[in-house]
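Subject: Structure handover

Hello,

Here is the structure we spoke about. My notes on what was found in it follow below.

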Amino acid sequence: MKKIIIFGLAFILTSSVTSFSADFLVSPPPKSMDKYYSEPGMPSEWIIQMQKLSVAFSALFLNMEKNKWNLAEKQAVLFLKSYEKASKMVPEWEKEFDLKSATKLKKNIETKDLKLLKALTKTLEENCSNCHLKNSSSVWIRYHWPSTKTIKVLDPTEDKEISYPVYMKKLSNSLQRININFEEKNFHQAWRTLEIFAKRFTSLRSVCSKCHVSEWKKNSVSVKNFFVGDDIIDSLQKIKKEFATGEPSEKIFRQNINYITNRSCKMCHLVHQPAAFIQKTWDQKTKTLDN
Ligand code: HEC
Ligand code: HEC
Ligand code: HEC
């Protein structure tokens, strides 16, 4: 499952077809990449360089197609310069850059041989995609995705702060208990465990802003409308109402529990868990290597 999601993410990002092996590995990015992402909130120097070379590359292509050879030549020089600079930024990746084709492209621009030049840009384009496909997911998970490691959540039933995965386990336990109590027809106890679950669930809402620091300012929708929104609270209310009757309907109970597990737990896991799990395996790997 994890692999399929990552595969999917990477695939959406690339328009040209690139081949890669089925046992695609998501390894941590090279250490020397760290320094380009050292200042949180600041644009990464790596990204700035990528944008530079990318603009030159597109402009080169456009001018070539429009027969504006003077401009094309200027952009070819700019492209080669920024491409070479990028290739030196991360020594571990130097070989991933096709410097040969980039140099050949610049050299041959004066021939105005569109067929040859287009073939070269195509080769280069495929090379860009190849590296993106192989490495973007790693870079995003390492530098763009905050870790759950430092997050503490206040458990409202015990009034103490606990780690994110432990909080999840407690949340999951209280949900399971509601189910068990219901099956045992101990509705009074089921009501009480539902109260605990509802408290824990509501408290989860305060966690979002630890990572989603800048909310979507332009519209009234908040990230909290997803996974922990009013629809979930509404489902909890419906279960409560059923319990209050003393003879709750099994159908309504199941419907609402399923709604919560699918629309909250499952959906949120689909979005957030792959990155968290990969970060965790990387941590374990580093620990093993350190030992
Ligand atoms: C050695 C690997 C590698 C090569 C080769 C490479 N890139 Fe990138 N590029 C990356 C990585 C990794 C990212 C993701 C950076 C991030 O999101 O933090 C990226 C991101 C980008 C971005 C997005 C920048 C943004 O605004 O987020 C563009 C555009 C880009 N590359 C263009 C290109 C072009 C065009 C080429 C080829 C001419 C190319 N790249 C070659 C590794 C590479
Ligand atoms: C450990 C960090 C972390 C926590 C905690 C977290 N998120 Fe996210 N979430 C992310 C990242 C990173 C993304 C990717 C896109 C982004 O940066 O917004 C994301 C994406 C999303 C998206 C997809 C749309 C979007 O904003 O890009 C939604 C919806 C979302 N999160 C909701 C939530 C809700 C609701 C909570 C709290 C119950 C939450 N998240 C808690 C890190 C987190
Ligand atoms: C903010 C989105 C979000 C919501 C909503 C959410 N989870 Fe999670 N859950 C996560 C993330 C992220 C992890 C991985 C945490 C980690 O490993 O650091 C996780 C991990 C877990 C784990 C594994 C804990 C472990 O390490 O063994 C369980 C069990 C779990 N969640 C249950 C639930 C249940 C049940 C619900 C719904 C009532 C739920 N979660 C709702 C994001 C969410």
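α10 gives the most to the shell around ligand 3, with eight residues. Helices here (H or I, at least four residues) and strands (E, at least two) are DSSP runs, numbered from the N terminus. The model is a predicted one, in which local features need pLDDT of at least 70 and side-chain atom pairs count only at pLDDT 80 or more, while totals for chains, interfaces and linings use all residues. Residues are numbered from 1 along each chain as its sequence is written, and chains are lettered from A and ligands numbered from 1 in the order in which they are written.

Ligand 3
Besides α10, α6 (164–183) supplies at least two residues of this shell. There are 19 residues around ligand 3, and the nearest are Thr 148, Pro 165, Met 168, Cys 265 and Cys 268. A residue counts as near a molecule or strand if its C-beta atom, placed from the backbone, lies within 6 Å of it. By class, the shell has eleven nonpolar, six polar and two charged residues. Nonpolar covers Ala, Val, Leu, Ile, Met, Phe, Trp, Tyr, Cys and Pro, charged covers Asp, Glu, Lys and Arg, and the others, Gly among them, are polar.

Ligand 1
Ligand 1 has 21 residues around it, with Met 50, Ser 54, Glu 96, Cys 128 and Cys 131 coming nearest. Two or more residues come from each of α2 (45–65) and α5 (114–144). The largest share, ten residues, is from α5. The shell holds 13 nonpolar residues, seven polar and one charged.

Ligand 2
Around ligand 2 there are 17 residues, the closest being Pro 146, Cys 208, Cys 211, Val 223 and Phe 226. The elements giving two or more are α8 (208–211) and α10 (250–290). α8 gives the most, with three residues. Eleven residues of the shell are nonpolar, three polar and three charged.

Helix packing
The axes of α2 and α3 (residues 69–89) come within 8 Å and cross at roughly 155°. Axes are lines fitted to C-alpha atoms, for helices over the stretch in contact, and angles run from 0 to 180 degrees between N-to-C directions. α2 and α3 are therefore roughly antiparallel to each other; angles under 35 degrees count as roughly parallel, over 145 as roughly antiparallel, 65 to 115 as roughly perpendicular and the rest as oblique. The residues of their contact divide into 16 nonpolar, four polar and two charged. Contact means that the C-beta atoms of two residues, placed from the backbone, lie within 7 Å.

α3 also packs with α4 (residues 99–108): their axes come within 9 Å and cross at roughly 165°. This pair, too, is therefore roughly antiparallel. Among the residues that meet are Ala 76, Phe 79 and Tyr 83 in α3 and Leu 99, Ala 102 and Leu 105 in α4. Eight residues of this contact are nonpolar, two polar and two charged.

The chain as a whole
The chain has ten helices and two strands, in the order α-α-α-α-α-β-β-α-α-α-α-α. Its radius of gyration is 26 Å, well over the 19 Å that the globule rule gives for 291 residues, so the chain is more spread out than a compact globule. That radius is taken over C-alpha atoms, and the rule is 2.2 Å times the number of residues to the power 0.38. Along the principal axes, the C-alpha atoms fill a box of roughly 85 × 45 × 40 Å.

Regards
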